[in-house]
Amino acid sequence: MKSFEPLFKQGDLATIAANFWPRNLDEARYPGLRELHRTEERVQVMAVRHEPAGPVRGELIVLHGLEGSHESGYMKSMAQAALERGLRVHRLNMRTCGGTEGLAPTLYHAGLTSDLKWIVGKLREEGRGPVFLAGYSLGGNVVLKLAGELGERAPELGIAGVVSVSTPLDLMACCLRMQEKRNFVYSSKFIDRLKARYRRRAAEFPEVFPLDGLDEVKSVLEFDDRFTSKAFGFGNAERYYATQSSQNFLEGIAVPGLLIHAADDPLIPVWVYEKANPEKNRNLRLLMTRHGGHVGVLARGGKRFWAEEIATDWILGNLPAS
């Protein structure tokens, strides 16, 4: 694999720079087609599908992080790298994200795997494959959890491998880290967006989404304790995080997996990865860089988006023999 030469050697700087760095997806060459998937009776999710210029070598479903969407920069740079390598790409939105709030009377959560599983099954029915799953941050938790839930059934569905970038393997530990004073900029951004989304949900479905206590919420953990956990029947944030953290599902993953993480990620303590020790499962490889921040890993040189280059090269190396 290509060695990583960080553009920034400070985690916060790398994180913030990566958030604003231009990431181009050549939609003139790879136009996007919006597709709706009815995963439940009252639930639809939207994905943007892109075809490579030549023969299709495989399918890549990419899932975004907390309050992201198909328009998130890393979703575009991953799609570009994958399309250049002959993969058909599906930039998938979690429920109600990416301007799709009218498609489902629910929220989304960090362990909601049913929508992704449904789409994988649909691709299998259509004879498409092999299928690779890639998730960033919260999306990485969903991807790893689904692979672990499926276990030996994952290959039967056509899943050939999974990739995660900057994934909060331990949701409680990462939410507690986010609450630290040094992370106020990140925490305030996330909670403001979560509360705004919830208010929009409440305006449409007031009987389902009560607003009591919303104004007092100051952190993602508090939001999840008062609202997300109740909406999905977990009871409280502690049980929600305990049951939905992907660290609990790593041992069950039966397909190749690549976990990319930076030790200086300001939102995810490095000890989370040390404790989870993904490589106890011989199917998994942990690629830990010293620098890179959260969903950043910007490199010096011509190939700026190192994580996407590494991930797509790894996918090509794990394509089943034809």
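The chain folds into 10 helices and 8 strands, where helices (H or I, at least four residues) and strands (E, at least two) are DSSP runs, numbered from the N terminus. Its radius of gyration is 18 Å, close to the 20 Å that the globule rule gives for 322 residues, so the chain is as compact as a globular protein of that length. The radius is taken over C-alpha atoms, and the rule is 2.2 Å times the number of residues to the power 0.38. This is a predicted model, in which local features need pLDDT of at least 70 and side-chain atom pairs count only at pLDDT 80 or more, while totals for chains, interfaces and linings use all residues. Residues are numbered from 1 along each chain as its sequence is written, and side-chain values use heavy atoms, with hydrogens and water left out.

Along its principal axes, the C-alpha trace spans about 55 × 45 × 40 Å. Of the 322 residues, 60% count as buried; here buried means under 20% relative accessible area, exposed over 50%, and partly exposed in between (1.4 Å probe, protein chains only). Among the contacts with a separation of 6 or more, 76% come from residues 24 or more positions apart, a contact being heavy atoms within 4.5 Å. The chain exposes about 13,700 Å², of which carbon and sulfur atoms supply 50%; accessible areas come from the Shrake-Rupley method with a 1.4 Å probe, and for residues only the protein chains shown count as cover. As for charge, the mean positions of the 42 positive and 39 negative charges lie 3 Å apart. Lys and Arg count as positive and Asp and Glu as negative, without His and the chain ends, and each charge is placed at NZ of Lys, CZ of Arg, CG of Asp or CD of Glu.

With 13 residues (138–150), α4 reaches 19 Å from its first C-alpha to its last, close to the 18 Å expected at 1.5 Å a residue; the expected span is 1.5 Å times one less than the number of residues. In α4, 12 of the 13 residues are buried, so the helix is largely enclosed by the rest of the structure. The buried residues include Leu138, Val142, Val143, Leu144 and Leu146, and also Asn141 and Lys145. Just after α4, Gly151 takes a positive phi of about 55 degrees. The C-alpha atoms of Ala154 and Ala254 are 7.1 Å apart in space, although 100 residues separate the two in sequence. Not counting residues up to four places away in sequence, Ala154 touches Ile159 and Val255.

Val217 lies in the loop between α6 (184–204) and α7 (220–231) and is buried, at a relative accessible area of 1%. Leaving aside neighbours within four places in sequence, Val217 is in contact with Ile191, Lys195, Glu222, Phe223, Arg226 and Phe227. The C-alpha atoms of Val217 and Phe227 are separated by 10.0 Å, the two being 10 residues apart along the chain. In α7 itself, Val220, Leu221, Phe223, Asp224, Phe227, Thr228 and Ser229 are buried, and the buried residues of this helix pack against α5 (171–178), α6 and α8 (237–244). Just after α7, Gly233 takes a positive phi of about 80 degrees.

Some backbone details also deserve a look. Most residues other than glycine have a negative phi, and most peptide bonds are trans. A cis peptide bond joins Gly129 and Pro130, with omega about -5 degrees; Pro130 is placed in the loop between α3 (114–125) and β5 (131–136). Glu67 has a positive phi, near 60 degrees, and sits in the loop between β3 (58–63) and α2 (73–84). Glu67 is buried, with a relative accessible area of 10%. Val297 likewise has a positive phi, near 55 degrees; its loop runs between β8 (284–289) and α10 (306–317), and Val297 is buried at 2% relative accessible area.

Finally, helix α2 contains Gln80, which counts as buried at 14% relative accessibility. Beyond residues up to four places away in sequence, Gln80 touches Asn24, Leu25, Asp26 and Tyr30.
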